[in-house]
Amino acid sequence: MSQEQFLSELISTLGADVAQAAADVPERYWTDWSGTPPQQPLALVRPRSTEDVSALLRLCSAHGVAVVPQGGLTGLAGAAVPTEGAVAVSLERLNVIEDINTRTGLMQVQAGVTLQNVQEAAVNAGMVFGVDLGARGSCQIGGNVSTNAGGNGVLQHGMMREQVLGLEVVLADGSVLPMLRPMIKNNTGYDLKQFFIGAEGTLGIITRVLLRLRPAPQATATTLVAMPDFDSALAVLQRMQARFGHSVAAYELMWDSFVQASLSWLKLSAPFADRHPLLALINVDGKSEAQLQEDIGQVLEEAMEAGEVVDAIVAQSVAQAQTLWKLREAPAELNNNMHPAINFDVSLPQADIGRFADACEAAFSARWPQKHALYFGHVGDGNLHVSVDGATVNGECEAVEDELYRLVGEFKGSVSAEHGIGLHKKPYLNHSRTPAELAAMRAIKQALDPLGLMNPGKVF
């Protein structure tokens, strides 16, 4: 069957409102935030139901046409970029919050609902959703599940995987797996939903998600802490967790290079009179803001006496807390100020993060003395972000990637903490996965997608 015949059958099966041929596909569906060169898809399908998705995949399977699922197109690894001759499938119309049960702490949503809409619906019901990240207004829940998204709440709530109780998934042949069972205990063989969390659309298309919610905290206190070195940063985290347990909601660490860039790009006032090697933004939840501030003050006083803290600010109002958190918003400005920004999200054994950052800085400086590199991350969960200005390393972006991922392998870390593999990290996956692990992953892919039609060329 020719492409023209396939497109004719596609449009007649799904309708012109749901399926569009290549010439009518807007350019925003040609790529994502990763900076990958755009690729015009063979067609764009924007299904309105699970039945539409199933019909599409049955048709594509019958004719050997590849499919590339798309969420909010905010990914940074190229997983949603169409491949030549593939149908792009945008889940944006599957955007209904179908049910919220505050007694059981559950929310059922279609895959195209944005993260922000989930967060706002949870708050309106007196609950909170455990995942938060900067692209909240445009990223979609299906994409969050497909990349096992992380963000600022992982220390307290875990990755996206920990928020998912059930999924509805359409397989490559069009069959539907209705795995929307709300039980935490369900020991009935393989937990099939886990195959699709973090799979980046390579095994099937997620159409519905059953999410876990949690009661909203009655109060939150924020502090910005200056520390002399990374060991002190770990010591302060341990002190906070010993005092507050899982109520430590965020522990965001920023190296001075990042702080100075943030102050400059966002035109912020310096929080302290002096510069310090490391600053940590810490949120703690509790029942009383006044009591939290008092307890945090005691912990910080002990840390100062131990030489772990040099200076600190405890926010006295919501407005002041928001001002402190603005310091962490520099990543939104990376692409405007780095040409290009070479971005990394890696995870490492927590105790080694400081040594890894030092090793990167030494390796980069030895080869590119004028390099501009920023270090920051959700260090409480072992996630470090590194951003390097391509213009300051003579445009040698691949060489920077080779050097950093080599170090990740030496430190026995992961080349992707939360952004996925997609197209960009395929050459480096072997630094974090053994040949036996990769063979097992390929076997799963072969079993669920024997024709190789689901998001081909991604991950492997």
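This is a predicted model: local features need pLDDT of at least 70, side-chain atom pairs count only at pLDDT 80 or more; totals for chains, interfaces and linings use all residues.
The side chains of Arg243 and Asp295 come together in a salt bridge, with 2.7 Å from N to O. This pair joins distant parts of the chain, since Arg243 belongs to helix α7 (residues 230–244) and Asp295 to helix α9, 52 residues apart.

## Other salt bridges

The structure holds 21 salt bridges, and one of them is formed by the side chains of Glu168 and Arg208, at 2.9 Å from N to O. Here too distant parts of the chain are linked, with Glu168 in strand β8 (residues 164–171) and Arg208 in strand β10 (residues 204–212), 40 residues apart. Glu168 counts as buried because its relative accessibility is 10%, which is under 20%, and Arg208, at 19% relative accessibility, also counts as buried.

A further salt bridge is made by the side chains of Lys371 and Glu361, again with 2.9 Å from N to O. Lys371 lies in the loop between α12 and β17 while Glu361 is in helix α12, so the pair ties together parts that are ten residues apart in sequence. Lys371 is buried at 13% relative accessibility, but Glu361, at 29%, is partly exposed. Elsewhere, Asp17, Arg48 and Arg93 are connected in a network of salt bridges.

## Helices and their packing

Helix α12 (residues 353–367) packs with helix α13 (residues 397–410) at an angle of about 150 degrees, and their axes are 10 Å apart. On the side of α12, the contact is made by Phe356, Ala359, Cys360, Ala363, Phe364 and Arg367, and on the side of α13 by Ala399, Val400, Glu403, Leu404, Leu407 and Val408. An α-helix has 3.6 residues a turn, so residues three or four places apart point the same way.

Helix α8 (residues 256–265) is mostly covered, with seven of its ten residues buried, among them Phe258, Leu263 and Trp265. These buried residues pack against several elements, including β13 (248–255), β14 (278–286) and α10 (318–326).

## Two loop residues

Tyr190, in the loop between β9 (176–179) and α6 (193–196), counts as exposed at 73% relative accessibility. Together with Leu192 and Phe195, Tyr190 makes a nonpolar surface patch of about 340 Å².

Notes:
Residues are numbered from 1 along each chain as its sequence is written. Side-chain values use heavy atoms; hydrogens and water are left out. Patches are made of residues with over 30% relative accessible area and no salt bridge: like charges are joined within 9 Å, nonpolar side chains (Val, Leu, Ile, Met, Phe, Trp, Tyr) within 5 Å. Accessible areas come from the Shrake-Rupley method with a 1.4 Å probe; for residues, only the protein chains shown count as cover. A salt bridge is a side-chain nitrogen of Lys or Arg within 4 Å of a carboxyl oxygen of Asp or Glu. Helices (H or I, at least four residues) and strands (E, at least two) are DSSP runs, numbered from the N terminus. Buried means under 20% relative accessible area, exposed over 50%, partly exposed in between (1.4 Å probe, protein chains only). Axes are lines fitted to C-alpha atoms, for helices over the stretch in contact, and angles run from 0 to 180 degrees between N-to-C directions. Contact means heavy atoms within 4.5 Å.
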